[in-house]
Amino acid sequence: MTFQNVAIIGANGFIGSHLTKQLLTIPGINVASFGKSKHSIQNGNANYTQIDIENKEELRSCLSQMDLVYYLVSGSIPVSTWDAPKAEIEKN
């Protein structure tokens with residue numbers, strides 16, 4: 001199966017930024033990257049959109065044409081998970 005339109009939600013994170021960089025090197029793949037920041041860290045190499053992942057309509061609209069979606073979002077900072085593990089599970 002070939003995926004032409006690939007979305008990466010959480011594209012500015014560690015994994016998301018590296019995945020975006022690699023996918024951009026593959027001919028025939030259109031990469032759409034999403035994150036909570038105003039700007040992408042990819043320096044304009046990927047189609048980037050700031051998104052609120054809690055807005056279901058916005059998500060539906062942005063992802064409707066995608067063949068594959070990588071969801072790499074975390075709602076917390078790893079260090080804080082030890083202090084409130086229940087909140088970590090509920091948020092993510």
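Reply: The protein exposes about 6700 Å², of which carbon and sulfur atoms supply 55%; accessible areas come from the Shrake-Rupley method with a 1.4 Å probe, and for residues only the protein chains shown count as cover. This is a predicted model, in which local features need pLDDT of at least 70 and side-chain atom pairs count only at pLDDT 80 or more, while totals for chains, interfaces and linings use all residues. Residues are numbered from 1 along each chain as its sequence is written, and side-chain values use heavy atoms, with hydrogens and water left out.

Of the 92 residues, 25% are buried (under 20% relative accessible area; exposed is over 50%, partly exposed in between, with a 1.4 Å probe and protein chains only). The 3 helices and 4 strands follow the order β-α-β-β-α-β-α from the N terminus; they are DSSP runs, helices being H or I of at least four residues and strands E of at least two, numbered from the N terminus.

Strand β2 (residues 30–35) runs parallel to β1 and is joined to it by 5 bridges; strands pair if DSSP finds at least two bridges between them. Within this pairing, alanine 7 has alanine 32 as its bridge partner. Together with helix α1 (residues 14–23), β1 and β2 make a right-handed β-α-β unit: with the strands pointing away from the viewer, the path from the first strand over the helix to the second runs clockwise.

Strand β1 is also joined by 4 bridges to β4 (residues 68–71), again in parallel, and isoleucine 9 stands opposite tyrosine 71 of β4.
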